[in-house]
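Please look over the chain shown here before reading on. The paragraphs that follow go from the chain as a whole to its strands, a pocket and a pair of rings.

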Amino acid sequence: PTGLTATGISSTAIRLNWVDNATNEQGFKIESSTDGVNWAQVGVAVAAAANPSATVKMLIRPTLPVAT
């Protein structure tokens with residue numbers, strides 16, 4: 001992917017955009033790290049293989065703790 005941008009759209013959400021330049025991947029893993037060394041998968045995005053060079057858009061929102 002190229003052209004990755006991250007835009008804060010509110011105090012609790014980020015929009016990720018990128019161009020999917022490949023035609024042979026199954027999707028993308030979205031990972032998070034607090035130290036830049038250890039990464040954990042936090043989501044996935046499907047590939048745009050049917051439309052190479054398509055812009056992929058993802059919205060990331062936090063989950064809220066369960067009320068007890």
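A residue is called buried when its relative accessible area is under 20%, exposed when that area is over 50%, and partly exposed in between, with a 1.4 Å probe and protein chains only. The model is a predicted one, in which local features need pLDDT of at least 70 and side-chain atom pairs count only at pLDDT 80 or more, while totals for chains, interfaces and linings use all residues. Residues are numbered from 1 along each chain as its sequence is written, and side-chain values use heavy atoms, with hydrogens and water left out.

The chain has zero helices and five strands, where helices (H or I, at least four residues) and strands (E, at least two) are DSSP runs numbered from the N terminus. Along the sequence this gives the pattern β-β-β-β-β. If contact is taken as heavy atoms within 4.5 Å, then among contacts between residues at least 6 apart in sequence, 43% join residues at least 24 apart.

Ala6 belongs to strand E1 and counts as exposed because its relative accessibility is 58%. Apart from neighbours within four places in sequence, Ala6 is in contact with Ile14, Arg15 and Leu16; the C-alpha atoms of Ala6 and Leu16, ten residues apart along the chain, are separated by 4.6 Å.

We turn next to the pocket. On a 1 Å grid over the protein atoms alone, a pocket is an open set of points where a 1.4 Å probe fits, with protein on both sides within 12 Å along at least five of seven lines, and lining residues have an atom within 4 Å of a point. The largest pocket has a volume of about 200 Å³, a volume being the space filled by probe spheres set on the points, which are joined across faces, edges and corners. Twelve residues line this pocket, and those closest to its centre are Leu4, Leu16, Trp18, Lys29 and Ile30. Strands E1 (2-10), E2 (13-20) and E3 (27-32) each give two or more residues to the lining, and E3 gives the most, with five residues.

The structure also holds one aromatic pair, for which rings of Phe, Tyr and Trp (its six-membered ring) must have centres within 6.5 Å, with planes under 30 degrees apart counted as stacked, over 60 as edge-to-face and the rest as tilted. The rings of Trp18 and Phe28 have centres 5.3 Å apart and planes at 75°, so the pair is edge-to-face. Because Trp18 lies in strand E2 and Phe28 in strand E3, the pair ties together parts that are ten residues apart in sequence. Both Trp18 and Phe28 are buried.
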